[in-house]
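Please look through the model displayed here before reading on. The report that follows takes up its chains one after the other.

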Amino acid sequence: MAILDIKNLGISFGGLRAVDNFNLSIEKGELYGLIGPNGAGKTTVFNLMTGVYKPSDGIIMLDGENITGKNTVEINKAGIARTFQNIRLFKNLSVLDNVKTGLHNEFAYSTAVGIFRLPGYFKDERLMDEKALSLLKVFDLDGEKDYKASNLPYGKQRKLEMARALATSPKLLLLDEPAAGMNPNETKELMETIKFVRDEFDMTILLIEHDMRLVSGICERLSVLNFGQVLCQGPTGEVLNNPEVIKAYLGD
Amino acid sequence: MLKNMKKSTRSNIITYAMVIVAYIVMQTLVSTGSVTNLIQGLLVPLCAYSILAVSLNLTVGILGELSLGHAGFMCVGAFVSAAFSKINATSIENDLLRFIIAIIIAAVCAGIVGILIGIPVLRLKGDYLAIVTLAFGEIIKNVMNVIYLGVDSKGIHFCITKASDLNMESDGKIIINGATGITGTPHSSNFTIGVILLLITLFIVLNLINSRSGRAIMAIRDNSIAAESIGIDLTKYKMLAFSISAMLAGVAGALYSHNLSTLAATSKNFGYNMSIMILVFVVLGGIGNIRGSIIAAIILTLLPELLRAVNDYRMLIYAILLIALMLFNSSPAGINFREKYGIGRLLHKNGPDLSETAGTQRAHHVEGAGKKGV
Amino acid sequence: MDFLTHLINGISLGSIYAIIALGYTMVYGIAKMLNFAHGDVIMIGSYVVFITVSTMGFPTILGIVIAMAICTVLGMTIEKVAYSPLRNATPLAVLITAIGVSYLLQNIALLVFGANPKSFKSVVPFEPLVLADGQLVITGVSIVAIITGVIIMVALTLFVNKTKAGCAMKAVSEDRGAAQLMGINVNGTISMTFAIGSALAAIAGVLLCSAYPTLTPYTGSMPGIKAFTAAVFGGIGSIPGAMIGGLLLGIIEILGKAYISSQLADAIVFAVLIIVLLVKPTGILGKPINEKV
């Protein structure tokens, strides 16, 4: 069964149909790419999936659960985590604490336990530290755990954002232009990391990307979005050679 | 031993130690008679100011929202607790017990007012939030000025017109007399209780910051959209920070009111001016720096008293310090200067970075309106 | 007849609020900041008129012109020294700075002029208008305030919509970055906005002190905050909004004072602000602003 199943998803802003009749089905463990020219509505699809916008129509099913119209917090609890196109870290918190906030709902001791330092506090904090550190190791960030997040170099900030999203133990990870602003070497390294995350955590990943080397290098299947509508869908190789897709990207 | 501890734990222990050492030094000075009456009279207000500054720092530094109505919560705590103590001055004979109950009542009432105000206020952001908290603070002060409360054999009487409208029996006693306020509150506050309350405040705030809830609050401060995306309930944690901050301000109010024989809600003690004075402590002590708030409260309260000549210029100096510190910490010239000479942000730790802002952040004031931009 | 008197007093006070609110709303629309010190610029303007006209015996008009000039320079100086270095800082830093400037002006005034209230002699020479056999009295200040308010609003609307500088202001308020790329002098435009707002503050100060003739260093702060309330009420950034908001607020305040409780008048005004922000946070004529994800 598909882990993510989107049917007829659509949203209008005023008179503009930003996303229309969007269908998507992703299998568990798949690495799926969502591509398309600027303004095609890719990030809007992410925003619809994570409850930032409420869809005007359509259904989003996650692992058999209908999450359409739920708010961001509920959707995260249901199992979708994301990164952002323009990095959104908690920049005044340490690298470690950024990941620990991702564990917020897994180790949910109460405020009173925290303030009065009841026994649960020490146990949960220790477990959080361990888990957060192991995640940081995956992204090779454990050496910088006490750095302020804003002091990390750009590439590492993107990785930290991924680590934070993974900390919420999602079923589906959404990456919004993970390679934006990276040089070819960093992109190559990032591709390895994404593949590693998929294998290590048995994660399903849906990513938006403009960097075709990354897309063709790691994505197994692609959807191409143009003017809010799906232009074509299928295995990466076929899609990238589709004349319609080439036309959408390069113009007539 | 200190070296093996986590940085935050070490920093917290230093803060507690600082307060305790200051207390011991002060008590020694008082007992040897080397402190003037003037300074002695300032000790309890000083504790109250420190509690207020620490609690406001929770809202401004940790939650990242500017509240200009903090004195309003203090006002609620002060009046409720003073009224309670005066009503029960004879029925509860143990002074300390009565005061403890009064403090708890002050905390609870201020907390409730905090929640009631927080529900509408926390939907707003930035300048709007600031101006609405200011409005609430002024409303609380105004309302306190028209409240008449009395007790007689038949029970409690209340009105908002004039004392004679209370229609009390001949044995009636006026508790709150409109703009005249409360007179004859039992003098239960003392320096020791003040310091204990300050330590409790520190315990609550510092432990909160270093816990799951504290991280959630700071995450919301740094980036509310990202915080939501990892499953943090914005309303819940904003409300938590705001109401704890209000509760602690209520405690400070109780401490303050049980140190005065006459308590009236004027703009000087519970109005906008007081809120700004507390804000000055927070800003000069370092936004987000809890220890700094206490140091600033102590220095800025004692210094003008010690240097009488300065006293006339006190508010002027506060004003100049506010502007200068903001420019030094946040303007491009200030940042360049600091980088050139390797100085960190002055008096500014753990707090939000005030120098950078996303272009959209400023224009965005209303949250929860439902729709967000494309 | 009582009601009519209150209503006219309300409109008169409201016109003064509106003139102050115009200063707030323009600065907020263009510099995206709450200029807390605006109310204190009003106070400075009033002191200047008090000194030049009452003490030094200058003609009223000359006194007002001097006050406008001094307030304009003051407003531009404040912007240059305190606000412009923080153009890219967080709202928190800017707001705290503005509060600092407000305090600075109050305390300078306190040191220079003292805490004792000065009794301000009304600059309006007209006799009150007596109608309906003395049942309805409209003071000269009321009439002047209302007329001045209308003139200023019409003039400002024309300025913003019909002149090049006005269009530059609109452009900067829409998108500062894009305006800069189009060759608009953003710093100059912001500076000009402060200049206009501060000159209006001087006029508002004179009217305010003519209607309520005690002048202290704190005279400006409450009307300033209330005028900001008016600006929010009308929709921040909107010139007609400031006018409508100011008038409504003045009427609400005077009627509240007359019919509900004089002590709670301020509380009523602030309650209006809170209700407006909850029900329609963008005010009567404001535009919604949203954040991009």
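## Contacts and make-up of chain B

In this predicted model, residues 24 or more positions apart account for 77% of those contacts in chain B that have a separation of 6 or more. The chain has 374 residues, of which 54% count as buried, and its secondary structure consists of 16 helices and five strands.

## The three-stranded sheet of chain B

Three strands of chain B form an open sheet in the order S2-S1-S3, and their pairing is antiparallel. At the edges lie strand S2 (155-159) and strand S3 (173-177) of chain B, each of which pairs on one side only. Direction ignored, neighbouring strands of this sheet are turned by 20° against each other on average.

Strand S1 (residues 148-152) of chain B runs antiparallel to S3(B), to which it is joined by four bridges. Within this pair of strands, Leu149(B) stands opposite Ile176(B), a residue of S3(B). Helix H3 (residues 70-87) of chain B packs on the sheet, where it touches S1 and S3 of chain B, and the direction of this helix makes about 170° with that of S3(B).

## Helix H6 of chain B

Helix H6 of chain B covers residues 191-209, which gives it 19 residues, and from its first C-alpha to its last it reaches 27 Å, close to the 27 Å expected at 1.5 Å a residue.

Which residues of H6(B) are buried? They are Ile193(B), Gly194(B), Val195(B), Leu197(B), Leu198(B), Thr201(B), Leu202(B), Val205(B), Leu206(B), Leu208(B) and Ile209(B). An α-helix has 3.6 residues a turn, so residues three or four places apart point the same way. The buried residues of H6(B) pack against several helices of chain B, namely helix H1 (7-31), helix H2 (37-62), helix H7 (212-222), helix H9 (234-257) and helix H12 (290-306), and also against helix H4 (111-116) of chain A.

## The six-stranded sheet of chain A

Chain A contains an open sheet of six strands with mixed pairing, in the order S6-S7-S8-S3-S9-S10. Its edge strands are strand S6 (80-82) and strand S10 (229-235) of chain A, each pairing on one side only. Neighbouring strands of this sheet are turned against each other by 20° on average, direction ignored.

Strand S3 (residues 31-35) and strand S8 (residues 204-208) of chain A pair in the parallel sense, over four bridges, and the bridge partner that Leu34(A) has in S8(A) is Ile208(A). Helix H10 (residues 243-250) of chain A packs on the sheet and touches strand S9 (221-226) and S10 of chain A, while the direction of the helix makes about 130° with that of S10(A).

## The two domains of chain A

Chain A is divided into domain 1, made up of 1-79 + 171-252, and domain 2, which covers 90-169. The centres of domain 1 and domain 2 of chain A, taken over C-alpha atoms, are separated by 27 Å, and 12 residues of domain 1 of chain A are in contact with 11 residues of domain 2 of chain A.

Which elements supply at least two residues each to the side of domain 1 of chain A that touches domain 2 of chain A? They are helix H2 (72-78), strand S7 (172-176) and helix H7 (184-201) of chain A. H7(A) gives the most to this side of domain 1, with five residues. By kind, the residues of the side of domain 1 of chain A that touches domain 2 of chain A divide into six nonpolar, three polar and three charged.

Definitions and conventions: Residues are numbered from 1 along each chain as its sequence is written. Chains are lettered from A and ligands numbered from 1 in the order in which they are written. This is a predicted model: local features need pLDDT of at least 70, side-chain atom pairs count only at pLDDT 80 or more; totals for chains, interfaces and linings use all residues. A residue is buried if 20 or more other C-beta atoms lie within 10 Å of its own, exposed if 12 or fewer, and partly exposed in between; C-beta atoms are placed from the backbone. Two residues are in contact if their C-beta atoms, placed from the backbone, lie within 7 Å. Two strands pair if DSSP finds at least two bridges between them. Axes are lines fitted to C-alpha atoms, for helices over the stretch in contact, and angles run from 0 to 180 degrees between N-to-C directions. The expected span of a helix is 1.5 Å times one less than its number of residues. Domain bounds come from an automatic or database domain assignment. Ala, Val, Leu, Ile, Met, Phe, Trp, Tyr, Cys and Pro count as nonpolar, Asp, Glu, Lys and Arg as charged, and the others, Gly among them, as polar.
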